[in-house]
Amino acid sequence: MSWLRLVRPAVARTRALTLLLAVVVLVTTTLVTALPALTDTASAAWLADRWSSAPPTGRALLVQSGKGVSLTAPGQVPAGDPYAPTRDAVQGALRPATELFQPVVTAAYAVDPVPITPSPQGTERMGIPVLSPALGPRVRWVQGRAPAPSTREETRTITSLDETGNAVESSATVPVLEVALSRRAATQWQVRVGDRWRLPAAAGLTTQIPMVISGIYEPLDPADPFWQWFGELTDVVRVAGSDPNAGVKPTVAVALCPQDYATVMVTEMANGLGHTWIWQVDPARATPERMPQLTQGLARLARQPDLGITGAAQVRSSIPDTLSAWQGGVRTTRVLDGTVTTGLTVLVAALALLLAGLRAERRAADDTLLRSRGAAVGQLAALAALDVLPPVVLAGAAGHAAACLLAGRWLAPWPAVVLVTLTAAVAAVTAVRAAGRDVPGRRTRLRAGLDLTGRFLPPLALVGITALAVVTVRQRPAETPTASSGSLTRASTGALVAGDQPDLLLQATPALVAVCAGMLLLLLVRWGAGAAARAATRRAGAGGWLGLVHTARASGSARLPLVAITVAGAVAVLTSTVGSTLATTRTLETWRQVGADVALTSDRIDPGVVDAVAAAPGVEAVAPLGERTGELVSDRTGATSRAPVTVLVGSSEQVAQVRAGSPVALDPAAARAAGEPGLTLVTSADLPVLHQPGLTLVVERRRLPVTQVVVDPALRATGSTTRVLVPRPVLERALDTVVPPTTLLVRTAPTGTTSVAGVRAATGSARLPVQLTDRRALESQSAAGPLARHVATVVTLTWLAAAVLAALGAHALTTATAASRRQLLARARVLGMAGGARRTTVLVAVLPAALAAVLAGLLVGLGLPALLPRLLDLAPVAGGGPYPPLQPSWPAVLAVAAALSALVVGAALLDLRATARLSLTRHLRAGDHP
C-alpha cells in the first residue's frame with residue numbers, strides 16, 4: 001500500500017475541520033492586516049484636519065523680541081542679514097524638523113501704533129511701520145512702485161523741556177522714508193501715491209519721521225498665512241491704544257523698504273521696534289510619520305537657552321496643543337483597535353487550538369497505522385502541516401487581499417505569512433503530541449501530578465494576572481489637561497513626547513477579563529452540570545440526566561469553545577457601547593455648543609427678526625437671549641465669596657420650550673421658579689458662593705439681591721464660564737435700560753432642512769449681519785470626521801468578525817463532543833431510549849453551557865466600562881470633558897444577545913439533526929470506534 005493511499009483517508013476525514021481553520025485564518029488575517037492600515041489612514045486625515053482647524057499659533061512657531069531690543073551691539077549699524085543668528089539658532093535646534101516648515105518669515109515692526117500726521121479733523125489715525133522682506137513677493141502693485149531705500153534726509157527742529165521746565169530747541173537729522181499701504185486702506189482713507197505723512201519715531205517721542213507714499217498694493221493670495229499675522233497690512237483695523245480711556249482708533253500698517261533696516265536702527269525708531277521670526281508648518285510635509293521629529297525638535301527648542309538675541313526673547317506656539325489633540329484622538333483609536341485585536345486574537349487562538357486538537361483526534365487511527373508502517377513522528381508532523389497548508393495559504397492570501405481592498409492600498413503581507421506559519425506549526429505540534437500519547441508506557445505518579453497541576457495552575461495564574469492588571473490600570477492617576485499658555489515650554493513639549501507611547505497593558509486587560517470569565521465559566525459549568533446530574537437521578541427520565549453527565553465529564557478542551565463565545569460576546573458588547581457612547585456624546589456636545597436646533601447670533605437682533613423667525617414654516621419655538629458679564633458676590637470674604645459669570649437675559653420658560661426633549665432640556669423647576677417674586681437665578685454650576693449668605697448678582701455696577709437659585713447643568717455650554725439665566729423684566733428694571741437680544745434659540749421640526757431654510761430666509765430683514773448655526777449640520781460634520789468614521793468602521797468589522805468566530809465556536813462546541821455523545825446515544829438507543837429522550841440529551845448537553853457563555857460575554861462587556869472607567873477617552877473624537885462614561889446601547893446589547901443565542905441554538909439544532917440521522921447498524925458494526 002502506497003503512502004498516498006494511507007494519507008488520503010486522513011485528509012478526507014479532517015477536510016471539514018481544515019476548512020473551518022482556513023476560515024479562522026481568513027478572518028484573522030483581514031482584521032490584523034486592515035486595522036493598523038485603517039488607523040494610519042484615519043490618523044493622517046485627522047492630522048490634516050487638526051492643521052486646518054487650528055488657530056494661527058496652532059500651526060506656526062513664533063520667536064519675538066521685546067520692544068527696543070537690538071539684533072546687534074548698541075550703536076552699531078547691522079551688517080548682512082540681522083535676522084540670521086536667531087534664524088540659525090532656532091533651525092539648528094529644530095533640525096531635522098526644519099524641513100516640515102515653510103521658509104521663515106521675518107519682520108521688524110513698531111510694537112505700539114503711533115499717530116499719523118495729518119489726520120482728518122476729529123479723527124486720529126494710527127500707523128504701524130513694518131519692515132519685512134517677505135512682503136514684496138506676496139503683493140501686486142496697483143499704483144506706484146515698491147518703496148526704495150532712503151537717499152534723502154531732513155533737518156527737524158525739536159522742542160523739549162529741560163530739568164527746570166524751560167523750552168529748549170534742538171535740531172536733528174532724520175531720513176525721509178518711502179512707504180506703501182494696501183489698496184483697501186488707501187481707498188478708505190483716500191490716500192494717493194505721493195502723499196506725505198509724518199509719524200513719531202516711537203510712541204511717546206516728539207521726533208517726527210517724514211514718509212512718502214510710493215506705492216499701493218493688494219495681496220496676490222488673500223488666503224496666504226502671512227496676512228493672518230499682519231492683518232494691518234491688508235486693511236484698516238481698529239486697535240485699542242495703551243490708554244484704556246482713549247478707545248479704539250483706526251490703524252494701518254505702512255510697509256517700509258526692507259533695505260532701510262540699517263537706516264532705521266540708528267534712529268530713535270529703534271526704541272519702539274520689535275522683531276519676529278515665523279515658521280509656518282507645511283501640512284503636506286508634516287505627516288504622522290514625521291511627527292516624532294517635530295516633537296523632539298520642539299523639545300530641544302524649549303531647552304535652548306540662547307536664540308542669538310541680545311535681550312529677552314519669547315517663543316510662542318500652540319503647536320503642542322494641536323499635536324496633543326491629534327495624539328489624543330489617535331491614542332483613543334489605537335487603544336480601541338488594540339483592545340479589539342487582542343480580544344479577537346484570544347478568540348482565534350482558542351478556536352485554532354481546538355480545531356487543531358480535533359484534527360489530531362480524527363487522524364489518530366490513521367497516524368497509528370502510519371506509525372505501524374514505520375513512519376517517524378517528524379513525518380507525521382510534516383504530513384499534518386502539509387494537510388492544512390493549501391487551504392490555509394489560500395485563506396491567508398484572500399484575507400490579505402480583503403485587507404488591501406479595505407485600506408485602499410497595497411499592504412505588507414507579513415501578518416498573513418506569520419498566521420499561516422503559526423497555523424501549520426500548531427497543526428504539526430498537535431499531531432506530535434497526539435502521536436506521543438499513543439505510545440504505550442507506564443503512567444507514573446510524577447506524570448499524574450503534573451497533569452493535576454496543569455489542570456488547576458493555569459486558571460489560578462490567569463485569575464491572579466487579571467486581578468493584578470485590573471488593579472494596576474484602575475490605580476493609574478488620571479491625566480490632568482494643562483491649560484494652554486501659548487508659549488513653548490519644557491512641560492508642554494515633554495508631555496507631548498512622552499504621550500505617544502502605546503499602552504499595551506490597557507489594551508490587553510479587557511481580553512484578560514473576558515478570558516478569565518470564560519475559564520471560571522468552565523469550572524462553573526462542570527460543577528453545575530455534576531450537581532444537576534445528581535439531582536436529576538431522583539426524577540424519572542434519563543434524557544436530561546445523560547446530557548448533564550456528558551457535560552460534566554467532558555474534557556477541558558471540549559469546553560474551550562465556551563471561552564471563545566464569552567470573548568466574542570464581550571468584544572461585541574464593548575464595541576457597541578463605544579459606538580453608542582460616541583454618538584450620544586457627539587449629540588450632547590453639539591447641543592451644548594449651539595443650545596438649540598438652530599442658533600442665530602448677532603450684535604443685535606431686532607424684534608421684527610424674532611417675530612419673522614417665529615412665524616417661519618417649521619419653527620416650533622424661539623427664545624431670544626441677551627448677554628452681559630456679571631459677578632456673584634456674597635457677604636463673606638475670601639476666594640470663594642466671588643465668582644464671575646456670564647449673564648443670559650431671557651425667559652426660562654421659552655428656553656425650556658426650545659430645549660424640551662433634548663439632552664440639555666431645562667429642569668422643570670427652573671421654568672416654574674421664573675414666575676415667583678424676586679430674582680430667581682438658573683445657574684449652570686453649583687458654585688461655593690451660592691451657599692453663602694447675602695448672595696447678590698452684580699451687573700454693570702448694579703446689585704440685584706438673589707432670592708432663589710436653581711442649579712441646572714443643562715445650561716452649561718462648551719468652553720464657557722459659569723452661565724446664569726436671569727428674567728429679562730427683572731434685569732431691565734434694575735439697569736433701567738433695554739437689553740437687546742444677541743442670540744436667538746430656535747426649535748425646528750424634526751425634518752429640519754426646510755425649517756432651517758425658512759429661518760435663513762426670515763433673517764433677510766435684519767439690519768446687522770446674522771450668523772446661523774445649524775446643530776444637525778454640525779453633528780453631521782462631526783460624525784463625518786476621520787476618527788469618527790474609523791470608530792464606526794472598527795465597530796462594524798468587529799461585529800462581523802465576532803459573529804463569524806462565534807458561529808465557528810458554537811459549531812466547534814458541538815463538534816468537540818459529537819463523537820462521544822453519538823456513541824452514548826447509540827448505546828442508549830440499543831437499550832431502548834425513546835427519540836424524545838435522545839433529543840433532550842443533545843439539547844441539555846449543548847444549550848445550557850453555550851447560553852451561559854453568551855450571558856457571561858454580555859455581562860463582561862457591560863461590566864468592563866465600570867471595571868475600567870478610564871479605558872477609552874472619546875473626548876478627542878466627540879468633544880466634551882475627558883473620559884465621558886461609556887453607556888451601553890440596550891437595543892445593541894439585545895441584538896448581540898439575540899444573534900449569539902441564534903447561532904448557538906442553530907448549532908445545537910444542526911447537531912440534533914445529525915444525531916437523529918445516526919445509523920444504529922453502522923454503530924453496531926464499528927463498535928466503540930468513531
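A cavity is a set of points, on a 1 Å grid over the protein atoms alone, where a 1.4 Å probe fits but cannot get out; lining residues have an atom within 4 Å of a point. Grid points are joined across faces, edges and corners, and a volume is the space filled by probe spheres set on the points. The model is predicted: local features need pLDDT of at least 70, side-chain atom pairs count only at pLDDT 80 or more, and totals for chains, interfaces and linings use all residues. Residues are numbered from 1 along each chain as its sequence is written, and side-chain values use heavy atoms, without hydrogens and water.

**Exercise 1.** Characterise the second largest cavity and its lining.

Step 1. Helices (DSSP runs of H or I, at least four residues, numbered from the N terminus) α8, α14 (504-536) and α16 (560-594) each supply at least two lining residues, and α16 gives the most, with five.

Step 2. By class, the lining has nine nonpolar residues (Ala, Val, Leu, Ile, Met, Phe, Trp, Tyr, Cys and Pro count as such), three polar and no charged.

**Exercise 2.** Identify which residues have the most contacts inside the largest nonpolar core.

Step 1. A nonpolar core joins buried (under 20% relative accessible area, 1.4 Å probe, protein chains only) Ala, Val, Leu, Ile, Met, Phe, Trp, Tyr and Cys residues through side-chain atoms within 4.5 Å.

Step 2. The largest has 170 residues, and Leu233 and Leu294 have the most contacts inside it. Helix α8 (residues 319-362) gives the most to this core, with 15 residues.

Definitions and conventions:
Buried < 20%, exposed > 50% of the residue type's maximum accessible area, 1.4 Å probe, protein only. 1 Å grid on protein atoms, 1.4 Å probe; cavity = no way out; pocket = protein on both sides within 12 Å on 5 of 7 lines; lining within 4 Å.
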